[in-house]
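Me: I'd like to walk through this structure with you. Can we start with whatever sits around the ligand?

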Amino acid sequence: MPRVALVGCGNIGMAGHLPMYAKIPEAELVAVCDIVEERVNAAGKQAEVDVYTDYRRILDRKDIDMVDICVPTDLHAQIAIDAMSMGKHVLCEKPMAHTMDAADAMREAAIQNDVKLMIGQVRRFDHRYVSIKEQIDAGKVGRPVFIRRAERQFLPFPPEAWHWNPKMGGGVILDIGVHVTDLFYWYFQREAVEVYAVAKSVRESAVAADSFDHAFITCKFEGGGVGFAETSWAYPEGFGGAYYAQLDVIGTEGKIQYADKDTNPMVEFSKEKGCELPRYFRFMSTTEYAFEEEIRHFVRCIIEDEEPTGGRQYARAALEMALAAQRSAEIGRPVQLPLEREIY
Ligand SMILES: NC(=O)c1ccc[n+]([C@@H]2O[C@H](COP(=O)([O-])OP(=O)(O)OC[C@H]3O[C@@H](n4cnc5c(N)ncnc54)[C@H](O)[C@@H]3O)[C@@H](O)[C@H]2O)c1
């Protein structure tokens, strides 16, 4: 049974990862790590496991097989590479990294050390998006030619949070855009050839950090498919939770349409906020079971010595499109793929 250490006990570590291990008997969570002592102590208490403030002490432990990385994006590569160099399998949150060089170094480390590396593009484990993928693969819409997507939300990050800082992998294009570009790549099953993005800084924190919190992203694919997405953290609180995600897949012979507002099973009314359709769970509008299934999938791949779903290529492709979108929004022009080395 793989023995696991969780590194990063912030938002997604505590909401989407740590509680899932109690539901996965195939793995054993044995340690948690965070540089903030109160956080790691609370996490250790909750899961009744060992606590560390330096991840390198975890890597020294021979009884740990897998490291689950939930730290800010610009730290993914260093911690993942250090862990893989010590023979640990790595499950790492999306986006894969904050640069293409860092992503390539991660893939190289997985190959050199003969360990498994999976990036948690969690929509791939959400039954709603899996079911749409199955419809596409079954030819229900013919050849997909146009995908329109929206992921909108309000997240209460403090102004000083890394989430606003593009150099740390923050900003809505990299953080949320990478979910969207992965969905495009997954559904079209083609390489993107060009990306164009128009983006704005709306909330005060975005303006202060010189960061985008609202973006329109267009990706052209080999064979003529086009993906168009709105990604936003700029929706007012409450509204963001109510109308989070929309998706249209238009093919040569049909169309699939999905929207949270049509499928959310719950409606809440309150004096303060009026009518609301709450999110699927407290941190975001995906389902808890998607994180549980993502982790379980990776654990099973370790046990059965299989390659994680999607292979090693998809997370890199999603990152490349998101970085191209960031670049395009900055320069105001379309960006061709593959990205040129100097603009990563
Ligand atoms: N799959 C999803 O839908 C999803 C949702 C949210 C966040 N994420 C991703 O998860 C990652 C974390 O995001 P978050 O919102 O949880 O961030 P966060 O800031 O809330 O949490 C990160 C934690 O890492 C800790 N940390 C920083 N440096 C560390 C180090 N060297 N060693 C150990 N711990 C360290 C911080 O103290 C913090 O507690 C990001 O890459 C983000 O893009 C994914």
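Predicted model: local features only at pLDDT ≥ 70, side-chain atom pairs only at ≥ 80, totals over all residues.

Me: Which residues come nearest to the ligand?
Reply: Gly8, Gly10, Asn11, Ile12 and Glu93, out of the 25 residues around it.

Me: And which helix gives the most to that shell?
Reply: Helix 1, with 3 residues.

Me: How do the shell residues divide into nonpolar, polar and charged?
Reply: There are 14 nonpolar, 6 polar and 5 charged.

Me: Back to the domains. How far apart are the C-alpha centres of domain 1 and domain 2?
Reply: They lie 25 Å apart. The contact takes 15 residues from domain 1 and 13 residues from domain 2.

Me: Which elements give two or more residues to the domain 1 side?
Reply: Helix 1 and helix 5 (100-113). The largest share, 4 residues, comes from helix 1. That side of domain 1 divides into 8 nonpolar, 5 polar and 2 charged residues.

Me: What about the largest nonpolar core, who has the most contacts inside it?
Reply: Ala5, Val7, Ile69, Ala80, Val90, Ile173 and Ala325. The core has 100 residues. Helix 13 (residues 313-331) gives the most to this core, with 10 residues.

Me: Where does this core lie relative to domain 1 and domain 2?
Reply: Both domains give residues to this core, so it lies between them.

Me: Pick out isoleucine 173. What is it in contact with?
Reply: Leaving aside neighbours within four places in sequence, isoleucine 173 is in contact with Ala197, Ala199, Phe212, Ala215, Thr231, Ala322, Ala325, Gln326 and Ala329.

Me: New topic, helix 4. How many of its residues are buried?
Reply: 7 of the 10 residues of helix 4 (residues 76-85) are buried, so the rest of the structure largely encloses this helix. The buried ones are His76, Ala77, Ile79, Ala80, Ile81, Ala83 and Met84.

Me: What covers them?
Reply: The cover on helix 4 includes strand 1 (3-7), helix 3 (55-59), strand 4, strand 5, helix 5 and strand 6. Just after helix 4, glycine 87 has a positive phi of about 80 degrees.

Me: And helix 12, how far does it reach?
Reply: Helix 12 (residues 288-304) has 17 residues and reaches 24 Å from first C-alpha to last, close to the 24 Å expected. Its buried residues include Ala290, Phe291 and Ile302. Among the elements covering the buried residues of helix 12 are helix 1 (11-17) and strand 4 (66-69).

Me: What follows helix 12?
Reply: Aspartate 305, with a positive phi near 55 degrees. Aspartate 305 is in the loop between helix 12 and helix 13.

Me: Is aspartate 305 buried or exposed?
Reply: Exposed, with 7 other C-beta atoms within 10 Å.

Me: Where is glutamate 48?
Reply: In the loop between helix 2 (37-47) and strand 3 (50-52). Phi of glutamate 48 is near 55 degrees, a positive value in a residue other than glycine. Most residues other than glycine have a negative phi.

Me: Last one. Which residues does a cis peptide bond join?
Reply: Proline 95 sits in the loop between strand 5 and helix 5. Another joins leucine 337 and proline 338, with omega about -5 degrees. Proline 338 lies in the segment after strand 15 (335-336).

Key. Residues numbered from 1 in each chain as written. Expected span 1.5 Å × (residues − 1). Buried ≥ 20, exposed ≤ 12 C-beta atoms within 10 Å, placed from the backbone. Contact = placed C-beta atoms within 7 Å. Near = placed C-beta within 6 Å. Nonpolar A, V, L, I, M, F, W, Y, C, P; charged D, E, K, R; others polar. Core = buried A, V, L, I, M, F, W, Y, C linked by C-beta atoms within 7 Å. Domains from an automatic or database assignment.
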